[in-house]
Amino acid sequence: MKVIILGGDGFCGWPTSLHLSAAGHEILIIDNLSRRNIDNELEASSLTPIRPMGERIETWHKLTGRELRFLNIDVSRHYHRLLTAIIQYKPDAVIHFAEQRAAPYSMKSSWHKRYTISNNINATHNLLAAIVEANLDIHVVHLGTMGVYGYGTVGMKIPEGYLNVKLEAENGNLYEQEILYPANPGSVYHLTKTQDQLIFGYYNKNDQIRITDLHQGIVWGTQTEETRIHESLINRFDYDGDYGTVLNRFLMQAAIGYPLTIHGTGGQTRAFINIQDTVRCIKIALENPPMLGERVKIYNQMTETHRIRDLANVVASLSNAKIQYIPNPRNEDDENNLYVKNDQFLSHGLKPVTLADGLLEEIVDIAKRYSSRCNIDKIPCVSYWNKECQKNSKLQN
């Protein structure tokens, strides 16, 4: 299968590119290397050493004999270059990672909010408009987020994308209808993902584009089978306050003896998935596309849920780390429950990597091994959701 991977240099995009290449698919990576430029902006680099794109691709070819092609295109701005690439390459599928992925980064300032909106929404719309203009039958696989649902339930499991509702007509009769699960974004980043849903729904209805939308949980872990082959292929490990996901941040803190910082009460329940399962799920979605005319297919791409304070206790038990509660920079509930359906991936044979299976390995093989590269000044989150959060943080400090 010929596959274009937008954002194929990133945390999820790079291991996905290798995983699909190893499976025999023909891969073209399109990326503007913006994540590397954000490292320069934040003055915070990956804990693991990330090699230049050319070296990554050359190393993969030498070790496996498989070729990865690469084009440097900003898909949110360079529409005609994207269109030309699609027309010339004629992919069977496009996997769309080309979005700014960090909620804290999206809330740093008005500039970061506007950048996230412009980059993410334009990238999605440019892709779909280009597919229509190219007049090709291309399956789009998009990496979304569980955050489109918000983080609260009424005791029911969040369904995979769609919700059955009953509506009362004026004559009193009840009619059943299936709608997208009500969106409840918690940041500007999450807001862009909720808008993606509507854009997908429209192009699927109007132009019959086949689309799979993956609502992914928080990714933890670093390596996959393919990125372990050689250090030049190693994946990102972000630990900083903007891009470091909560569990990876805990692992880094434990490795260097820094207290595990819990925002607020730590009663926030979140969905998680290991990076190895991320690439497996994307492969499953790629190889099980919706039929032409079928509505947008939505998967909940997660494997387990945990409260943040419970995660901290698990990491502390493995590493003897201390725990520190700090003011929450986010505008969110102190406590929430989260119940999620993920039946579709399990039905396709996914056997998840659990936290119990992989945490100690991450602490030893990644966090401790590369701990000398850590800049502890970059660990705290300094992005606040609003002025009230910033004010409360200063008062409590």
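I began with I4 and found that its bridge partner in strand 2 is L28. I then looked at the two strands as a whole: strand 1 (residues 2–6) and strand 2 (residues 26–30) run parallel and are joined by 5 bridges. Here strands (E, at least two residues) and helices (H or I, at least four) are DSSP runs numbered from the N terminus, and two strands pair if DSSP finds at least two bridges between them.

Before going on I noted the basis of the values: this is a predicted model, in which local features need pLDDT of at least 70 and side-chain atom pairs count only at pLDDT 80 or more, while totals for chains, interfaces and linings use all residues. Residues are numbered from 1 along each chain as its sequence is written, and side-chain values use heavy atoms, with hydrogens and water left out.

I traced an open sheet of 7 strands with parallel pairing, in the order 3-2-1-4-5-8-12. Strand 3 (68–71) and strand 12 (297–301) each have a single partner strand and stand at the edges, so one side of each is left without a neighbour in the sheet. From one strand to the next the twist averages 20°.

Helix entry. I looked up what helix 1 (residues 13–22) lies across, and found strand 1, strand 2, strand 3 and strand 4 (93–96), with the helix running at about 165° to strand 2. Contact means heavy atoms within 4.5 Å; axes are lines fitted to C-alpha atoms, for helices over the stretch in contact, and angles run from 0 to 180 degrees between N-to-C directions.

Cavity entry. I searched the whole structure and found 1 cavity of 30 Å³ or more, a cavity being a set of points on a 1 Å grid over the protein atoms alone where a 1.4 Å probe fits but cannot get out, with lining residues having an atom within 4 Å of a point. The largest cavity has a volume of about 40 Å³, the volume being the space filled by probe spheres set on the points. I listed its lining as F11, R101, D238, Y243, G244, T245 and N248.

Backbone entry. I found that Q208, which is not a glycine, has a positive phi of about 60°, and that Q208 sits in the loop between helix 7 (188–207) and strand 8 (210–216). Q208 counts as partly exposed at 39% relative accessibility, where buried means under 20% relative accessible area, exposed over 50%, and partly exposed in between (1.4 Å probe, protein chains only). N320, also a residue other than glycine, has a positive phi near 65°; N320 lies in the loop between helix 10 (308–319) and strand 14 (323–326) and counts as exposed at 73%.

Technical notes. 1 Å grid on protein atoms, 1.4 Å probe; cavity = no way out; pocket = protein on both sides within 12 Å on 5 of 7 lines; lining within 4 Å.
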